[in-house]
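Here's a quick briefing to read with the model open beside you.

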Amino acid sequence: MRREEHAGKEPDVNATDEARRLAAVRRYAVPDDPGDGALDRVASLAARIFHAPIATVTIIDDEWVRCHAGHGISARLCQTRRAVSLCASALAHDGAFVIPDASADPRVSADPMVAGEPGVRFYAAAPITTPDGHRLGSVNVMDTRPRQAGVEELDALRDLAALVMGELESRLATSRIVAAERRQRADAERLARILQRTLLPPALPQVPGLHAAAAYHPVSADEVGGDFYDLFPLDGNRWGFFLGDVCGKGADAAVLTSLIRYTLRAAAVYDPDPCTVLANLDAVLQQEHAGGVTPPPYCTAIFGVLEPGPDGFTVTLAGGGHPPALIVRANGTVEPLHPDGGQLIGILRDPHFAQVSTRLNAGDALLLYTDGLTEARTASGSMLDQEGLAAYLASTAPAGADDLLATVHELITTLGKGVSDDTAVLALSIPVRSTTVASREPCAA
Amino acid sequence: MQHDHGLTVTLEPRSTHLHVLSVAGDLDHHTTPRLRAALDELTLAPGNGLVIDLSALKFCDSTGVSILIAAHQRAQEAGAALALAGLDPDLAHIFSIMGLDRLFSFYDTTEAALAALQ
């Protein structure tokens, strides 16, 4: 049966239905209008089909009839309180709704557009209905003279309302995709940060008579790098430390980094001799890969042991394919600490590892870094290299681990885009003992 | 660093027992399979010599390093000799930090490498 379209008994609007309808309105209330004028074109098409001066697209929330597009009227003018709105009356109707003469209809004569400017008499509307049956609002056509609406005109009006619904659906889908992408990106970055934290110690331990500081300078926020470092207690009063870099980036590199970190710590407990630690790590990485088809994973690393002495520490370190550590002496001179000929770890047959020892006295500092720093390009396009780094440190003469890290940070900032890989830095320094002794108040007699 | 994932690998026999493999462009995880395939096709016999000419190599990442090490191991297993020629000074420096100068023989030019392997 065809529904009576011209007038009709207003059905009781169930409160639950209205709550669901408002939820639908909020769902489709896309905050950012794409600004493509799609709804404005619908309004002007509606006006043209009816040969009427005014047409609007309205969405009705709990209190207001909000105008999303207007033809022949400013959107601001047709925004009215729902209680008195002409457009709100269309909400109660399934199909198209027509009022031939609004001034003679007590239901809508209070609408300011009927009572005042522009003096609307004729009104026709088709509801914008969601796929699950909620009427969000309507496409409306208005004229300032009383008239009738033709069947074809009303059919076209219904089609336009369906078009508006389609447009709102696609805006909703787009905004959901954008939000999902934003969420995924945020998740990926959060995961990368969490992973990075598991690969690096949360804080370096307090070592008596030693100042230690470390930093990680990632190139990208969402890609996990393969640089690692640690400082931890060994037997007695000795301490172990390491810093290195695995080949590759991303998830595989993160898994490998984790394996290397724990292997180094376990190997150091078993036998802290630096060359032996690196040889054990090499054996574990080779076993890990045995029979694999992909290129074998490898890393470069420096592993060292600190042994306290009378005025500082004896440091013994072994290197495996890693750039040399640098010592900044108390007098400002910079010297490399480089065991001769250490090779890549995990990929070579019978790799060679070598170790070297030196004293770190009060005021001396040791810097370990990954090749993201020394392979960075300077303004002239050449590689910074350890000579460039040593020269920079000699010119700035940093005093102590914190100052050394700040100097490296400054250098990385200066190099800017010349840095194309992550850089991890570990600095160890021997504080200069304070010679000022707090004067004591003499005891009261 | 900008690189366009282009790599060309050309094999050129110089005598019955000497081969030159020229590697030009970017050697990274995208292009390494091309060099691996070229090496797989090559049959090395005891006493043979292989020169890998890297003078036109623009970029080499960790997978590139891996494949060169794999090439060395294959040559060793076959009783053949491998030499690297024309390595860019920066890359030569990085290789020496990795301790690969103990593994590979480096030569300035392909001709110098061939003369040494003769």
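In chain A, helix α5 (residues 250–270) packs against helix α6 (residues 274–289) at an angle of about 135 degrees, and their axes are 9 Å apart. That angle makes α5(A) oblique to α6(A), oblique being what is left once angles under 35 degrees (roughly parallel), over 145 (roughly antiparallel) and 65 to 115 (roughly perpendicular) are taken out. Bear in mind that this is a predicted model: local features need pLDDT of at least 70, side-chain atom pairs count only at pLDDT 80 or more, and totals for chains, interfaces and linings use all residues. Residues are numbered from 1 along each chain as its sequence is written, while chains are lettered from A and ligands numbered from 1 in the order in which they are written.

**The α5–α6 pair in chain A**

- Axes here are lines fitted to C-alpha atoms, for helices over the stretch in contact, with angles running from 0 to 180 degrees between N-to-C directions.
- The crossing of α5(A) past α6(A) is right-handed, meaning the near helix is turned clockwise from the far one by less than a right angle.
- On the α5(A) side, the residues in the contact are A:L259, A:I260, A:T263, A:L264, A:A267 and A:A268; they meet A:V277, A:N280, A:L281, A:V284 and A:E288 of α6(A). Contact means C-beta atoms, placed from the backbone, within 7 Å.
- Sorted by class, this contact has eight nonpolar, two polar and one charged residues. Nonpolar covers Ala, Val, Leu, Ile, Met, Phe, Trp, Tyr, Cys and Pro; charged covers Asp, Glu, Lys and Arg; the others, Gly among them, are polar.

**Chain A overall**

- Chain A has nine helices and 16 strands, taken as DSSP runs numbered from the N terminus (helices H or I, at least four residues; strands E, at least two).
- Of the 445 residues in chain A, 41% are buried. Buried means 20 or more other C-beta atoms within 10 Å of the residue's own, exposed means 12 or fewer, and partly exposed is in between.
- Among chain A contacts with a separation of 6 or more, 64% come from residues 24 or more positions apart.

**Nonpolar cores**

- The largest nonpolar core has 109 residues, and A:L278, A:L367 and A:L426 have the most contacts inside it. A core is a set of buried Ala, Val, Leu, Ile, Met, Phe, Trp, Tyr and Cys residues joined through C-beta atoms within 7 Å.
- α5(A) gives the most to this core, seven residues.
- Another core, of 47 residues, lies apart from it and includes A:L39, A:I54, A:V57 and A:A102.
- Leaving out residues up to four places away in sequence, A:L367 touches A:A325, A:L326, A:V328, A:L404, A:V425 and A:A427.

**A:T423**

- You'll find A:T423 in strand β16 (residues 423–429) of chain A.
- A:T423 counts as buried because it has 26 C-beta neighbours inside 10 Å.
- Residues up to four places away in sequence aside, A:T423 touches A:H217, A:Y369, A:T370, A:G372, A:L373 and A:I412.

**Chain B and its contact with chain A**

- The contact takes 17 residues from chain A and 13 from chain B.
- On the chain B side, α2 (62–78) and α3 (89–97) are the elements giving two or more residues, and α2(B) has the largest share, six residues.
- Within chain B, the axes of helix α1 (residues 32–41) and α2(B) come within 10 Å and cross at roughly 10 degrees, which means α1(B) is roughly parallel to α2(B).

Note on methods: Contact = placed C-beta atoms within 7 Å.
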